[in-house]
Amino acid sequence: MKKKLLHIDSSPRKERSHSRSLSLLFREKWLDNFPEFDLMYRDLYVTPPPHVDENWIAAAFTPPTKRTIHHTQALEISDHLVDQFFEADYYLLGVPMYNFGMPSILKAYIDNIIRVNRTFLFTPEDKEAPYKPLVKGKKMFVVVATGDHGYQKGEILEPMNHLEPHLRTAFGFIGVEDIRFIYSGNDEFGGERLEKSIQQAIHKMEDEVCSFV
Ligand SMILES: Cc1cc2nc3c(=O)[nH]c(=O)nc-3n(C[C@H](O)[C@H](O)[C@H](O)COP(=O)(O)O)c2cc1C
């Protein structure tokens, strides 16, 4: 069976989006190098995941055999998103930094796929490890676009980067631990600084793809 790459875009911008253009470039490089992969694509602005609501929460914490038709309906999109998440072997996310974190549409997606008894188990009797991830052996690449620069490890704005730690924690919680970040910055400055940053991101993407060959 062919492996699958799930590519998810989360910028509301289209042609002007760096996270979209760079994640698309990454995807093309990946598929050129690994023709054994099939692509699954999700544009969160074309099919926005709903925010979780009271009915969703009640449904998610009710055992499947006890769910009402309303519960089942409330989880329909979430179930589909979780199924797709499991179907993929590798993930590629295009993400704009918004207010030092992720855009709310990506948070809505994450709230839909971090599900008890689907992507993690809650076993309170196990005091050492009450939460058990159910996603195994997957890898993720995250292409981040920022307006400023210097958010990477050891750089001046690293303490303000709540995006990378949040994504690492949330996806790590369900079992995706191998996550590689690629940054492009300086959108707010434009000109040479932006161009240099884009070129650096492209080099980093090439390195990441080559490291798998
Ligand atoms: C609502 C909003 C919030 C933003 N917050 C930040 C921020 O916290 N830090 C930053 O460096 N840039 C910030 N930016 C700039 C974007 O990260 C930058 O424009 C980036 O290129 C957006 O990704 P995109 O090109 O894929 O659309 C913000 C932009 C918007 C519209």
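A pocket here is an open set of points on a 1 Å grid over the protein atoms alone, with protein on both sides within 12 Å along at least five of seven lines, where a 1.4 Å probe fits; lining residues have an atom within 4 Å of a point. Grid points are joined across faces, edges and corners, and a volume is the space filled by probe spheres set on the points.

Before you click, note that this is a predicted model, in which local features need pLDDT of at least 70 and side-chain atom pairs pLDDT 80 or more, while totals for chains, interfaces and linings use all residues. Residues are numbered from 1 along each chain as its sequence is written, and side-chain values use heavy atoms, with hydrogens and water left out.

**Stop 1: the whole chain.** Colour by secondary structure and you will find seven helices and seven strands (DSSP runs, numbered from the N terminus: helices are H or I of at least four residues, strands E of at least two). Traced from the N terminus, the order is β-α-β-α-α-α-β-α-β-β-β-α-β-α. The C-alpha atoms fill a box of roughly 60 × 40 × 40 Å along the principal axes.

**Stop 2: the ligand.** Select its shell of 18 residues, where S11, S17, S19, Y151 and D187 come nearest (a residue counts if one of its heavy atoms lies within 4 Å). Now show the polar contacts, pairs of N or O atoms within 3.5 Å. Oxygen atoms of the ligand lie 2.6 Å from a side-chain N or O atom of S19, 2.9 Å from a backbone N or O atom of D148 and 2.6 Å from a polar side-chain atom of D187. Taken alone, the ligand exposes 630 Å², and the protein buries 79% of that (Shrake-Rupley method, 1.4 Å probe). The shell divides into six nonpolar, seven polar and five charged residues.

**Stop 3: the largest pocket.** Go next to H149, Q152, E155, S197 and Q200, which lie nearest the centre of this pocket among its 17 lining residues. The space amounts to about 310 Å³. Strand 7 (178–184) and helix 7 (191–210) each give two or more residues to the lining, with helix 7 giving the most, six. Three lining residues are nonpolar, nine polar and five charged.

**Stop 4: the second largest pocket.** Its volume is about 220 Å³. Select its lining, which includes Y151, Q152, R168, F181 and K204. Helix 6 (163–174) and strand 7 each supply two or more residues, and helix 6 gives the most, with three. By class, the lining holds four nonpolar, two polar and five charged residues.

Note on methods
A polar contact is a pair of N or O atoms within 3.5 Å; within protein, one must be able to donate a hydrogen and the other to accept it, and residues adjacent in sequence count only if both atoms are side-chain atoms. Ala, Val, Leu, Ile, Met, Phe, Trp, Tyr, Cys and Pro count as nonpolar, Asp, Glu, Lys and Arg as charged, and the others, Gly among them, as polar.
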